[in-house]
Amino acid sequence: QVQLVESGGGMVQAGGSLRLSCAASDRTFSSYTMGWFRQAPGKEREFVAAISWSGGRTFYADSVKGRFAISRDNAKTTVYLQMNSLKPEDTAVYHCAAGTGPLKGVYDYWGQGTQVTVSS
């Protein structure tokens, strides 16, 4: 079972940047599709971005396209989410997830999340 631990969240002003990290415990990390999701208070969890096992393919929600970038380092069993030009509506708990299916498929393993707060 893959254990995922997110870090890098915090509070930032609108227009600022943050870089989230998600460290995986499993040496088979490189075989997993990895995704980032977020959940704001009172809202359903939503997809943010995903990356294929090799890093060759990525997919983004329209709301973050052009501002966020997902990447991975299989040697470090870590996936990243670089978030630029942050907006107050990006405020949420961000979770990483691991799956064995397509980029927008089912994810089997989830981290506890890291809080991102963007002030106006």
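Select cysteine 22 and cysteine 96 and display their side chains: the torsion about their S-S bond is about 50°, so the disulfide is right-handed. The two residues lie far apart in the chain, 74 residues from one another, with cysteine 22 in strand 3 (residues 18-24) and cysteine 96 in strand 9 (residues 92-99). Their sulfur atoms are 1.9 Å apart, and the structure holds 1 disulfide (a pair of cysteine sulfur atoms within 2.5 Å). Both cysteine 22 and cysteine 96 are buried, where buried means under 20% relative accessible area, exposed over 50% and partly exposed in between, with a 1.4 Å probe and protein chains only.

The model is predicted: local features need pLDDT of at least 70, side-chain atom pairs count only at pLDDT 80 or more, and totals for chains, interfaces and linings use all residues. Residues are numbered from 1 along each chain as its sequence is written, and side-chain values use heavy atoms, leaving out hydrogens and water.

Leucine 18 has methionine 83 of strand 8 as its bridge partner.

Then select strand 7 (residues 68-73), also joined to strand 8 by 6 bridges in an antiparallel arrangement. Here arginine 72 has valine 79 as its bridge partner in strand 8. Finish at threonine 77, which takes a positive phi near 45° in the hairpin of strand 7 and strand 8, with 4 residues between the strands.

Note on methods. Two strands pair if DSSP finds at least two bridges between them.
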